[in-house]
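Trainee: I would like to go through some labels and ask what each one rests on.
Mentor: Go ahead, one label at a time.

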Amino acid sequence: DANDKTSFVAPMTVNYDAGTYTYSPIVQWTGYKYSFFAYYPAINSGARVASIYPSGVDFEGTPYVEYRISRTDPASTVDLMTASVIDTDANSSKEVQFQFKHRLSAIDVAAVNYCEYDPDPENNDSTDVLPVTIEVHQANFRMTNLLYDTYVVSLDDTKPSTPSNRSEDTIANFELLTAADEYVTIELNKDGDIQMRPITSSEKNTTMIVIPQTTPLHVEPEIIYYRRLPDANGKARYLNSADEIVELELNQDGGHVGTPPEFTYSTAFDFDRGLLEGRRYFIQINFTSDAVSVNIIAADEWNEKTQVNHEFM
């Protein structure tokens, strides 16, 4: 079926192993000019197979891939990269160098923690001030106007790509910390330390990958967290909403008995910009002793890039 893109088999898959890129069968160059197009990943696993649909072998013109995102599972949404080398031949170079570029937008969540506990703020004595560690136990982000779930991406990044939506739904729910025993610890940012502490990351496969759009995102967060003080007298110590210390018995495994006082941040916010192709954005959660706030940080570009060199016969 010519319309069934799932049956398409890529003409050539380049495999990487121990510093060497290989493919089979080896292709002999002739005297013609050649253009090479590549995308990554070529082969997905598990639920990710349905994310990328390449154009057919009989498609005329610059090839493309149709990319589809998951609105509910960031771990099943892959980072699409493409590269191209146009009009080269064996006289120019026997080596084709692919400089891959990110074709989507990435959103990570990070935090800064300026939260401290002063048991006696009237004494003007800073020596009794204790650091507060933030434990994030849930981080859900509901995006109500994620406009696109499909992206026809040209493998030549100088040519336009086309976003679309296969349904009328524009809501995406990203549940980034779902396991009962999984949480992220945000240590105190001391004076002069403005480094963000990651809550999501590509290493943990929790980065939100989305299709670029010019309309700013509207986000409804639900962040559940605890405020922990240093342990003392064999007890785990947490602060409640009245800034009172709640003590819990410690377990032998380093955990504690009982549930600490819970805090929830659920104030909706808007991005202050659209999402550009190949850019990474950070939702920065700012914890202080008095409030929680959000900043949107945009990196100049998505820093992670991969260069693939291969010498053809």
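The questions below concern a few loop residues in this predicted model.

Trainee: Why is Asn233 called exposed?
Mentor: Exposed means over 50% relative accessible area. Asn233 has 76% relative accessibility, so Asn233 counts as exposed.

Trainee: Where is Asn233, and what is said of its phi?
Mentor: Asn233 lies in the loop between β19 (218–232) and β20 (235–239). Its phi is near 55°, a positive value in a residue other than glycine.

Trainee: What makes Asp243 partly exposed?
Mentor: The label covers values between the buried limit, under 20%, and the exposed limit, over 50%. The relative accessible area of Asp243 is 37%, so Asp243 is partly exposed. Asp243 sits in the loop between β20 and β21 (245–249), and its phi, near 60°, is positive in a residue other than glycine.

Trainee: Why does Asn123 count as partly exposed?
Mentor: Asn123 is at 31% relative accessibility, and therefore counts as partly exposed. Asn123 belongs to the loop between β10 (116–117) and β11 (130–131).

Trainee: What makes the pairing of the Asn123 and Asp128 side chains a polar contact?
Mentor: The N or O atoms must be within 3.5 Å, and one must be able to donate a hydrogen and the other to accept it. The contact between these side chains of Asn123 and Asp128 is 3.2 Å.

Trainee: What kind of peptide bond joins Tyr40 and Pro41?
Mentor: The bond is cis, with omega about 0°. Pro41 is placed in the loop between β3 (34–40) and β4 (52–54).

Key: Residues numbered from 1 in each chain as written. Predicted model: local features only at pLDDT ≥ 70, side-chain atom pairs only at ≥ 80, totals over all residues. Heavy atoms only, no water. Helix = DSSP H or I, 4+ residues; strand = E, 2+ residues; numbered from the N terminus. Buried < 20%, exposed > 50% of the residue type's maximum accessible area, 1.4 Å probe, protein only.
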